[in-house]
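Let's take a friendly walk through a protein model, with an eye on its aromatic rings and on one helix with its surroundings. Please keep the 3D view open while you read.

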Amino acid sequence: MIHTLTAPAHWQQVDLLSDLHLGPDTPGTAARLEAHLAGTPAQAVLLLGDIFEVWVGDDARHEAFEQGVVKLLRAASQRLALYFMPGNRDFLVGADMLAACGMTALPDPTLLVAFGQRWLLAHGDAQCLDDTAYQAWRATSRSEAWQADFFAKPLAERQAFGRQARAQSRASQAAQLLATDLDAAACHALLREAGATTLIHGHTHRPAEHDLGEGMRRVVLSDWDFDATPPRGDVIRLSATGLQRLAP
């Protein structure tokens, strides 16, 4: 069953962001996130996965960079409703990190019922069915047995694993992103199950809007990189007037 989040009556605007890939080498992206959270008129911000470049366990939240992000998100949570959906890079974010940041867990996928409309939200990786190697890894890494074994390792060993995985991912990321996309039939099935016509997701780093036919569409968020030249990143804002894509 698809999880449903029903917007409280006082919500007038909701911001959706994904794929920030925050890490020690992206100070410009972290700064832009802080500015957006401080200035947005939205009452809620939903983070749709890969907010962190890598996450190896909630005990990492005490490290220097991670402490700064916790402080940033915690401050924003005092004035905003913050929700976190796991991505393929940060699916190990757990209850301790969520509590430290003042964020609420958001299952993947989630149906957002707001402003008289139904919006289906996902990270997007689970629907990239042609990437069979990744889907096999996804199933393994989300198993209780794999995670119990991983968390039993010392933090330093998990961090080394994360660095290695990040390096391998960066080396093949461009080819992977070009070769894989969401499966249309899987998107149709999800939308029908949710009783929605719009799927909003990240993961592919290819911001666009796709007509899926039968009155359905797929809207893709951009990744963020405000340390790049030129910088990039967007926000999708939902309100009673519909869907807007904004520069943050």
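## Aromatic pairs

Please bear in mind that this is a predicted model. It holds 8 aromatic pairs. One of them joins Trp11 and Tyr83, whose ring centres are 6.1 Å apart with 80° between the planes, an edge-to-face arrangement. This pair links distant parts of the chain, since the two residues are 72 residues apart. Trp11 sits in the loop between β1 (3–6) and β2 (13–17), while Tyr83 belongs to strand β4 (residues 81–84). Are these two residues buried or exposed? Both Trp11 and Tyr83 are buried.

Another pair is made by Phe150 and Phe151. Their ring centres also lie 6.1 Å apart, but the angle between their planes is 55°, so this pair counts as tilted. An edge-to-face pair would need planes over 60 degrees apart.

Elsewhere in your view, look for Phe91. Arg142 lies over the face of this ring, at 4.2 Å from the ring centre.

Helix α1 covers residues 27–39, which makes 13 residues. From its first C-alpha to its last it reaches 18 Å, close to the 18 Å expected at 1.5 Å a residue.

Thr29, Ala30, Leu33, His36 and Leu37 are the buried residues of α1. Viewed down the helix axis, they fall within an arc of 125°, so they line one face of the helix. Pro27, Ala38 and Gly39, on the other side of α1, are exposed. What covers the buried residues of α1? The cover includes the strands β2, β3 (44–47), β4 and β11 (235–239), along with helix α2 (64–77).

Leu17 has Leu47 of β3 as its bridge partner.

In a regular strand, side chains alternate between the two faces of the sheet. In β3, Ala44 and Leu46 point one way and Val45 and Leu47 the other way. All four of these residues are buried.

Methods
Residues numbered from 1 in each chain as written. Predicted model: local features only at pLDDT ≥ 70, side-chain atom pairs only at ≥ 80, totals over all residues. Heavy atoms only, no water. Phe/Tyr/Trp six-rings, centres within 6.5 Å; stacked < 30°, edge-to-face > 60°. Helix = DSSP H or I, 4+ residues; strand = E, 2+ residues; numbered from the N terminus. Buried < 20%, exposed > 50% of the residue type's maximum accessible area, 1.4 Å probe, protein only. Lys NZ or Arg CZ within 6 Å of the ring centre and 35° of its normal. Expected span 1.5 Å × (residues − 1). Arc of directions from axis to C-beta. Contact = heavy atoms within 4.5 Å. Pairing = 2+ DSSP bridges.
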